[in-house]
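Grab a pencil and let's work through a few exercises together. Try each task before you read its solution.

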Amino acid sequence: MRGQSVWQPLTRKSYTTQILTKVKAHAAAISGLASLANFLDLDLRDTSVTWMALAGCEIPEIVSVTGHTLESATQILKHYLARHPEMADSAITKMIKWYEADGETEIGL
């Protein structure tokens, strides 16, 4: 059939040359990095865990997309989000909102 694409099975070579190369180029462009040539697909998969968490996704949502286990996604988030300034800003904003709404504490403050 003319003008229509035909489904082809994805091989390691076609994945690397047709898909991963384009994904790395796009990720480099949006992140401002010159190149992600040395990155593996697993690096980008872990990055997606962090980005989805920063976007407000819950861990069960994240693992549904990435295929990680709950434990491995949690480990990734512990590693990458522990010092992430956006997470700190979000936490402080939530605490202030809670406090200003007369948040209850277990010690009655």
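**Exercise 1.** Is Lys-24 buried or exposed?

*Solution.* Before we start: this is a predicted model, where local features need pLDDT of at least 70 and side-chain atom pairs count only at pLDDT 80 or more, while totals for chains, interfaces and linings use all residues. Residues are numbered from 1 along each chain as its sequence is written, and side-chain values use heavy atoms, with hydrogens and water left out.

Step one: find Lys-24 in helix H1, residues 12-31. Helices here are DSSP runs (H or I, at least four residues), numbered from the N terminus. Step two: look up the cut-offs, which are under 20% relative accessible area for buried, over 50% for exposed, and partly exposed in between (1.4 Å probe, protein chains only). Step three: the relative accessible area of Lys-24 is 16%, so Lys-24 is buried. Step four: look at who sits around it. Skipping neighbours within four places in sequence, Lys-24 is in contact with Leu-36, Ala-37, Phe-39 and Leu-44; contact means heavy atoms within 4.5 Å.

**Exercise 2.** Work out how H2 and H4 are arranged.

*Solution.* Step one: H2 covers residues 41-54 and H4 covers residues 70-81, and they pack at about 75 degrees with axes 9 Å apart. The axes are lines fitted to C-alpha atoms, for helices over the stretch in contact, and angles run from 0 to 180 degrees between N-to-C directions. Step two: angles under 35 degrees count as roughly parallel, over 145 as roughly antiparallel, 65 to 115 as roughly perpendicular and the rest as oblique. So H2 and H4 are roughly perpendicular to each other. Step three: zoom in on Thr-50, which belongs to H2. Thr-50 has 8% relative accessibility, so it counts as buried. Leaving out neighbours within four places in sequence, Thr-50 touches Ile-76, Leu-77, Tyr-80 and Leu-81.

**Exercise 3.** How exposed is Pro-9, and how far from Thr-47?

*Solution.* Step one: locate Pro-9 in the segment before H1. Step two: with a relative accessible area of 52%, Pro-9 is exposed. Step three: Pro-9 and Thr-47 are 38 residues apart in sequence and 26 Å apart in space, C-alpha to C-alpha.

How values were computed: Helix = DSSP H or I, 4+ residues; strand = E, 2+ residues; numbered from the N terminus.
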